[in-house]
Amino acid sequence: MGDTQYIGKSVKRVEDKRFITGQGRYTDDIQLPGMVYAHIVRSPYAHAKINSFDIASAQSAPGVVAVFTGDDIKKAGMGGVPCGWQLHFKNGDPMVEPPHPLLIASGDTVKHVGDGVAVVIADTRANARDAADLIYVDYEVFDAVTAAADAVKPGAPLVHESAPGNICFDWEIGNPRAEVDAAMATAHHITRMEYRNQRLAPNAIEPRCAIGDYDGANDRYTLYTTSQNPHLTRLLMCAFVLGLPENKVRVVAPDVGGGFGSKIYHYIEEALMIWASKQLGKPIKWTSTRTEAFLTDAHGRDHTTTAEMGFDQDGKIVALRINTLANVGAYLSTFAAVTPTYLHGTLLQGLYTTPKINLDLKAVFTHSTVIDAYRGAGRPEATYLLERLMSKAAIEMGIDQAELRYKNFIPPFDGVTQPGYQTNVALQYDSGNYKGMLDKGLELIGYQDFLKEQAEARKQGRYLGIGVSTYIEACGIAPSAVVGSLGCRAGLYESAHVRVQPTGTVSVYTGSHSHGQGHETTFAQVVAEYFGIPLSSVEVHHGDTESVAFGMGTYGSRSLAVGGSAIVASCQKVIDKGTKIAAHKLECSEDDLEYSAGTWTVKGTDRSIGFGAIAFTAYVPHQYPKGLEPGMDFSSFYDPSNFTYPNGCHIAVVEVDIETGKVKLLRFAAVDDVGNVINPMIVDGQIHGGLVQGIGQAMLEGVIFDEMGNQTTASYMDYAMPRADDVPSFELGRQVTPCPHNPLGVKGAGEAGAIGSTPAVVNAVADALAPFGVRDLEMPLHSEKVWRAIQAVAKG
């Protein structure tokens, strides 16, 4: 690396200038000549057969260009939106994978409120919306089921005839159940929990938007879309839905205002706009309303679980036994099959030496919005299960909650001088010092002092609580061969193209895509330090399949660990070629050169040549090595050898008003190990955002359906989002155990805050209410729920 130091510095984000001055370019900002506007007619019923459509009045309404129904889509012979991952039943049969049509046709059945049935296209949004109200759909309404636990009951309404009992697949991981049962039988104490990890809506600040633009003269298609993953969208749309050649399709994801996983997936609106654009020969724009977002953006979580953790008489875990129903909604979204399985089940070792683990899981269809990866994606569900069990067990056994964790931690290992830690649920952790991390967290919060304060407060009738939560997550997703063997229908590498211009400036094209993470800054810091050039000399490009060869997008905290590693590989190729040119110019052996701070120097001499001069020579090759092609332009694909494993400790301090049940979050400390840190300020911002989302789940958020399958929380009047006054100033710490298997030593930071924070808050409330005998709490911790929990125990 050069001596120009950018890695590890809190450099201000270069992209923020355009964002804070209102000059960002989002999909809905794009205006094309002759553009018309789409409004999608959606089912008001969760489960109903469409008998017929009457679209005549809509077709003759002012400004209407066209009306298409599910019948038109069916007639066109288009495929449905596919799932990107295939799982199998325990008996080896493939999972049930029902079609997900772009629009539902007459004679077919809508599966959830918000299922698309028709699209109106008009000269203005308002005209399209008004005309949509004129469409009459004759529905035959049936009973619906939205909760997984109800969907598996005998006689429950079926979502798909192909899925008896509404089971998409069943799945198991860990030790054989018989071994876990035998270990559990030896336990001195068993802690048991039955709970629901509630459904969440993603609520990105920018609603989804899609523009289809067909160029008839050149037979080419362009899709502008709010996507975290433009190449995957193109692949799925071309190969499975529309049957188009990829070289005829360009997908552009410009500035994207947040995603949290919800914009990874290929949605019906994207393919629908492309298809309709060709039918009309006009560009067509669809922009989601907030209500549509609640109804159609992929939700997260929604696990119904029974879990038991057994301990010996010294407080050591002897076994963990789990049964989970994972709600997948009405259809299988892109990553729906992997989120509750390999992103959840494989993390049930946590940070503990638990010798026997078994998860038995059923994925369940319901008449509800699809569920897929939402910030953390399976890891928050696993962490909540483990950390609630640990804190509840500590109360039941009369052991300090931190002490119980210390008793069961995996010993420190660096993955280099000691091997990685092999879990009982398939994964091998890369590096970690979990004791050291908890030490830092307890010191940061002032744990012992708080326990004294808590005791004094209880004497005065004030009920303070402290909740400890530790976590680990698998990020940098991951080796293509491994995920392929587990059912992934794509590779999970990343690409990077580094082009050095003749004047020494650098253009970077990455397959990763930013939707708020600061890639244009962080990636530039990496390149600037590797080359020893000014940060201003590096420009980062992303989000356009026309300029980036291929990429797998951004999710799973993979951008730096995978995308950054691909960039490093291309940078190294540049340096290697530059060394050949420098050796020729300086008339020495390549082995005699060293590269530092943007300069090649002959060892032991003052003879040197700079990066800019070598770049110029590469494009003006007058004095040039024989047989070496001109130019300085390299691409690389990086496929990691393992996941990365960020981990951390989150600690919440609360006060509970026992008269009203109101919970006040007083303090929150987080110590996270995300490996080496490129930009501390950006990492802190990522942690802050994740903490707020995790706290939001614990205290405020939750999607609710009524008995007919209507979302009763499909607006911000009903769905409670965390606000600034709901959270304290966060107290952050850091521990660094570098990842041993990628060149940057990074692990990932984008999801960390959302993983450990939720159980930390619930554990803190449980700790505050421990004197009353309250052990179990249902999220979100609204005042009424907390008050009722206190009253239920008081009444016996």
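The centres of domain 1 and domain 2, taken over C-alpha atoms, are separated by 40 Å. This is a predicted model, in which local features need pLDDT of at least 70, side-chain atom pairs count only at pLDDT 80 or more, and totals for chains, interfaces and linings use all residues. Residues are numbered from 1 along each chain as its sequence is written, and side-chain values use heavy atoms, with hydrogens and water left out.

Start with the domain bounds, which come from an automatic or database domain assignment. Domain 1 covers 16–21 + 493–638. Domain 2 covers 31–142 + 206–257 + 263–296. Domain 3 takes in 378–475 + 645–794.

Now look at the interface. In domain 1, 18 residues are in contact with 19 residues of domain 2; contact means heavy atoms within 4.5 Å. The buried area between these two domains is about 1500 Å². That is the accessible area (1.4 Å probe) that two parts lose on being put together, summed over both. Carbon and sulfur atoms give 50% of it. On the side of domain 1, H513, H515 and T545 lose the most area to domain 2. Together they make up 36% of what that side buries.

Polar pairs cross this interface too. Domain 1 and domain 2 share 12 residue pairs in polar contact, both residues at pLDDT 80 or more. A polar contact is a pair of N or O atoms within 3.5 Å; within protein, one must be able to donate a hydrogen and the other to accept it, and residues adjacent in sequence count only if both atoms are side-chain atoms. The side of domain 1 that touches domain 2 has six nonpolar, nine polar and three charged residues. Here Ala, Val, Leu, Ile, Met, Phe, Trp, Tyr, Cys and Pro count as nonpolar, Asp, Glu, Lys and Arg as charged, and the others, Gly among them, as polar.

Next come the salt bridges. A salt bridge is a side-chain nitrogen of Lys or Arg within 4 Å of a carboxyl oxygen of Asp or Glu. Three of them cross the interface of domain 1 and domain 2. Find R250 and D544: they form a salt bridge, with the closest N and O atoms 2.6 Å apart.

Step back to the whole count. The rule finds 40 salt bridges. E387 and R405 form one of them, at 2.8 Å from N to O. This pair links distant parts of the chain, 18 residues apart. E387 is in helix α10 (residues 379–397) and R405 in helix α11 (residues 401–408). Helices (H or I, at least four residues) and strands (E, at least two) are DSSP runs, numbered from the N terminus. Buried means under 20% relative accessible area, exposed over 50%, and partly exposed in between (1.4 Å probe, protein chains only).

Compare R734 and D684, a salt bridge with its closest N and O atoms 3.1 Å apart. This pair also links distant parts of the chain, 50 residues apart. R734 is in strand β28 (residues 731–734), D684 in helix α18 (residues 680–699). Each end is partly exposed: R734 at 26%, D684 at 25%. Elsewhere, salt bridges that share partners join R42, R208, E269, E292 and D297 into one network.
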